[in-house]
Amino acid sequence: MTAASVLSAANARLEYLLLSDGAPARCHGDLRAGVMQLHSELEDLERQLMDIATSYLSKDAIRLAYDIEDTIDSNAQAKSCGCLSRLYSERSLQADLEIFRGKIKELGRLIGENNDDTAGGISLSSGGGITFDAATRRSLSAGSEVIVAMEYERNVLFHHLLSPGYSVIAIHGAGGSGKTTLARWAYNHDFVKEHFHLRVWVNVGKDLRPREILEQMLFSVGVSQEWQSIPKMETTELMEKLYKVLKGRICLVVLDDVWSLDAWSTINPVLPQDDNGSRVIITTRSEDSVPPSSYVHRKNYLSRYESWMLMALILQLPDGHGVEAAEVRKIGKQIVDHCGGIPLSVIVASNLLKGKKLDDWKVVLQYLDQRRNPDGGIGNILGLSYDTLPTPLKPCFIYLGHYPSNHDILVDRLYLLWMAEGLISTKGAPNLSKFDVTENYLKELVDRRMVMVQDEEEWSTQRPKSCRIHDLLRDLCMKKGKEEEFFRVVGSVRVKGTSFTSRRLAIYLNTQENKDRVSLEIPEAKTVRSLLLFKTQKNSKWEIVDLKEFRYLRVLDFDRINFRVQKLPKNMDKLVYLRYLSFRGCYITEFPSSFSNFPFLETLDLWVIETCRMTIPNVLRKLTSLRHLYLPVLFQIGKSTKDDKLRLDGLTRLEILENFDASLCDVDDLWQLQKIHVFSGVVDGNNEDLEKIINFLNENVRSSRQTSLLVKRFDCYSERRFSILKILLHCHALHSLEIEGFLGELQRLEGIGSTSNFTKMVFSGSEFGQDPMQILGKLPNLRSLVLCNDAFAGKTMECSEADFPALTSLKLAMLQSLQTWEVKLEAMPNLTFLTIEQCGELQTLPVELMKKWTLKEIKIGSMPQKFQENVRQMDIYNFARITPYDC
């Protein structure tokens, strides 16, 4: 229930504004005591709300929390007022505190009266899972859990993919029936990879426009090097370019989650009519979206037996005997009956039961029996998954409903939004940072299969870049968000006169045709605290007129919006209460100097699209409350300032600093940033700056997994450079290091040490005369290694036993002298991805390497034909994992 979380956020905000260093006024003793008392009473009310489910009481509590927040905001201006105004403000606030305490007592009384009559959420134990004295457990990966009991369907799909006949295959079925899973299984199958020259996957969804489908296809077919020019092309140019790329090749195109025939009408003209075996797979819930003359595969629901087998696989239940095992099977099969044969329901229910005791299984079954739905059980199962979430996780899950369907959600951005919205509390976890708590929240949602992430298995060493949510779970978020008045999504560009009761608003721009102006003139605008703007259609005109009525905004997020055509909204500089401001993925050429007048701003995200060079005036140092700063990849300093470098001194609270460029920023300012725990930067050929950054990282950054440094135009022709390289390679705060330039002698790498924290290293142009693998292979945490541009100038390279224990990705590119590569069977036990590119003298790959069962994909780019033939002959049992491509 979100009321408790809203109260928690209001409580934390009250404490921050009035009791911390950011207090708007110095409270005298009586007022401070009053605030502390309100703080305590809010905590009591929060605890009471966790145990009830009465809708009107929840909403009353939410409105009370909002009233408290409004009062705090209205008193925040006292910080800049004179003594008389400050005194008046404090007296007014004291009177308001008395009123709030009275309302809290009344709510507490009503809660007590209703507690006995209302059923709280379902509660399950947190551990002590079901165990039997039985056989070996089977390992299960996140991607394979759904591929069970689908043998017939897979055979049918395979037949139509690889045999003459239909060119379009439509997989039709209800939401959650496994359409995408079946298509993804075929798309990633080794034989499919071998058969089709090109494979293209497009996430269509409800709102994806035809042009975006073409752009996604172009990126997928390997013209990403031209990504800067793609947005500038006319639609006809895109179609012509795609046609030329696809012509003469056997292609597989998957259009996932199609809602209309527009998707097919878009790609059909660019598909060469060669009748060469190319195929298109469409997944859809509606047969009206299926093109004529298609083979339609109707996605069958799972039988009761198949559903139970899927649950047993996910829970890794052995075939045990005895009373408890029989009881588990009996209750489990009754639970899967409620899933209606829908794989998503079985997956969610199974992950809910994972690690739970038999008594908890009985509680879940009782819950479902009491809410039996004749129309199908997926709503009840998903509702159960929400009801069993810990209270702090519920608003975090609901918050995902802000995002459009099929939207990739950047994880680091989501973390910052959750924190800015007041949804994260370290209460009960005093030794963890807010980022740690936030990451634990997302992991819990992923473990419950309520959120999907890529590369889940690598989470132990690096944070996933993005996540997404299934449409049915998003519908649940939308439903709960509306019930709890938590947020509102507006899918129309015209919102004038719309009534809002929530403090959070998401607007999907361009979801109606022939609309070019966004009017945000709504009476309740002053109550909105969070505004997220998503551009769901590219290359169309629109304009946000003014934000003057949104003067109490704390969160303002622009998503991938092009400000080359549209202007920034007026009166943005008046949003003095902003805590979070993001232009991630936007095109904006200048950061207005007036945006330095945000006294409470904690997150500033200027990571605009990489084709945009932003001009930043030297005003960021004024944002003294900043904790998270993301600079653009390309930027320059405003010409109006006399300083030639961007100054960051004064940002003493900064915890995250991304894209720090030593040629544009003053390195000496780093020493004032004592709280940094996430850092990424670039140094371009400056000895002094590089040494200062290394010393700063060593002395101030401790355990972050997100610390990276790119060193450009570096060489070791002098002893001075050699000494700097030595301390760089001993920098335990660094996890990712990329060096461009001559390093020469191999012994310069010696002494990196078994305690090194490097997880990723890139060497370019190093010209090592001796084999670097002998030293790099000893790094215990190294997961990704790239040697390119003659990083190794020798002829023979060898990986010995026990080398590279953690390595999962290896790329060798443009090593012109390399002729022989030997790998011991015990080396690189976790290697998953291998890329060999433009190593013209290399004859073949090591036989031992080809025997590794962990190796999923071998990419061969611009290598001699003889090399490719040798590799295929060696890899006779798993040749389909080899992917040739042109650089």
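**View 1. An open sheet of five parallel-paired strands, in the order β2-β3-β4-β1-β5.** Strands are DSSP runs of E of at least two residues and helices are runs of H or I of at least four, both numbered from the N terminus; two strands pair if DSSP finds at least two bridges between them. The edges are formed by β2 (198–203) and β5 (295–298), each of which pairs on one side only, and the twist from one strand to the next averages 15 degrees. The model is predicted, with local features requiring pLDDT of at least 70 and side-chain atom pairs counted only at pLDDT 80 or more, whereas totals for chains, interfaces and linings use all residues. Residues are numbered from 1 along each chain as its sequence is written, and side-chain values use heavy atoms, leaving out hydrogens and water.

**View 2. The parallel strands β3 (residues 251–258) and β4 (residues 279–284), joined by five bridges.** Within this pair, L252 has R279 in β4 as its bridge partner.

**View 3. Packing of helix α8 (residues 210–220) with helix α9 (residues 235–246).** Their axes lie 10 Å apart at an angle of about 35 degrees, where axes are lines fitted to C-alpha atoms, for helices over the stretch in contact, and angles run from 0 to 180 degrees between N-to-C directions. Residues R211, L214, E215, M217 and L218 of α8 meet T235, L238, M239, K241, L242 and L246 of α9, contact meaning heavy atoms within 4.5 Å.

**View 4. An open, antiparallel sheet of three strands in the order β6-β8-β7.** Its edge strands are β6 (409–410) and β7 (452–453), and two bridges join β7 to β8 (residues 466–468), with V453 opposite C467 in β8.
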